[in-house]
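Please open the model in a viewer and keep a selection tool at hand. The tour below moves from one selection to the next and states what is found at each stop.

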Amino acid sequence: MSTRRQDPAAGRRQDPAAGRRQDPAAGRRQDDPAATRLAGWIEPVVGAAGYDLEELVVTPAGRRSVVRVVVDRDEGVSLDDVAEVSRAVSAVLDENDGELGRAPYVLEVTSPGVDRPLTEPRHWRRNTGRLVAVTVGPAGATEQLTGRITAVDGAGVTLAVEKPGKPGARRKPPTPRQVPWAELGAGRVQVEFARPGSDEDPGAGDAHDDPDDDPDDLLDDLTDDEGDDGGGQ
């Protein structure tokens with residue numbers, strides 16, 4: 001009988017994750033039957049803990065599989081939160097051990113990184129105050145904008161848009177623009193070393209702005225020892 005081990009610390013580093021509004025399940029399950037089955041077990045557990053399941057990916061890695069779970073919530077995700085979700089997901093996977101075929105796996109829990117596109121209202125709400133690049137407008141008449149998210153409501157998103165000026169010219173105040181959801185494409189957060197009004201160290205940024213964050217950097221594969229011993233009995 002193989003013993004499966006999971007990594008409770010994999011989410012300590014952030015993952016560096018379009019179009020119009022879409023079914024969030026399509027992205028996180030990737031049309032993979034295994035991921036779809038796992039989502040049926042994992043999503044209720046994640047939701048009960050107060051988080052949104054943003055992505056679920058199952059990737060073969062030799063004799064094992066990497067189960068990558070991306071979660072988020074309005075308050076953000078701390079290291080303690082990652083540990084909490086890891087324990088809950090691990091427990092539900094153990095409960096369904098027989099249906100998983102007893103194959104060894106590595107569990108990786110993390111939060112969305114700065115490169116993740118903003119495709120759902122909650123994504124935009126959680127990034128209020130950030131600078132984003134986004135395609136807006138009706139089909140056939142779209143344009144690319146860069147603006148700061150100032151408000152998010154049921155009607156859409158309000159952006160403070162700065163018009164490009166001549167080099168050396170005085171910058172004009174940004175113009176507010178309200179974009180309805182139906183005309184809003186996937187947003188991309190722009191990395192800033194210091195956001196306006198921030199008292200933080202200009203070089204500090206925050207957890208989602210660290211381009212060097214990579215979950216694989218801290219992925220401690222606890223199955224290596226068993227692999228070296230020839231697997232479980």
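Two strands are said to pair if DSSP finds at least two bridges between them. Helices (H or I, at least four residues) and strands (E, at least two) are DSSP runs, numbered from the N terminus. The model is a predicted one, in which local features need pLDDT of at least 70 and side-chain atom pairs count only at pLDDT 80 or more, whereas totals for chains, interfaces and linings use all residues. Residues are numbered from 1 along each chain as its sequence is written, and side-chain values use heavy atoms, with hydrogens and water left out.

**First stop: the three-stranded sheet.** Select β1, β2 and β3, which form an open sheet in the order β1-β2-β3 with mixed pairing. β1 and β3 stand at the edges with a single partner strand each, so one side of each has no neighbour in the sheet. From one strand to the next the twist averages 15°. β2 and β3 run parallel and are joined by six bridges; display V70, which stands opposite T110 in β3.

**Second stop: the helices on this sheet.** α3 lies across β2 and β3, at about 145° to β3.

Which residues of α3 are buried? They are D81, V82, V85, S86, V89, S90, V92 and L93 (buried means under 20% relative accessible area, exposed over 50%, partly exposed in between, with a 1.4 Å probe and protein chains only). Viewed down the axis of α3, the buried residues fall within an arc of 165°, so they line one face of the helix; the arc is that of the directions from the helix axis to the C-beta atoms. The face turned away from the buried side carries the exposed residues D80, R87 and E95. The buried residues of α3 pack against α2 (33-48), β2 (64-72) and β3 (105-110), where contact means heavy atoms within 4.5 Å.

**Last stop: the five-stranded sheet.** Five strands form an open sheet in the order β7-β6-β5-β4-β8, with antiparallel pairing. Within it, β4 (residues 131-136) and β5 (residues 143-152) pair over six bridges, and V132 stands opposite G147 in β5.

Note on methods. Axes are lines fitted to C-alpha atoms, for helices over the stretch in contact, and angles run from 0 to 180 degrees between N-to-C directions.
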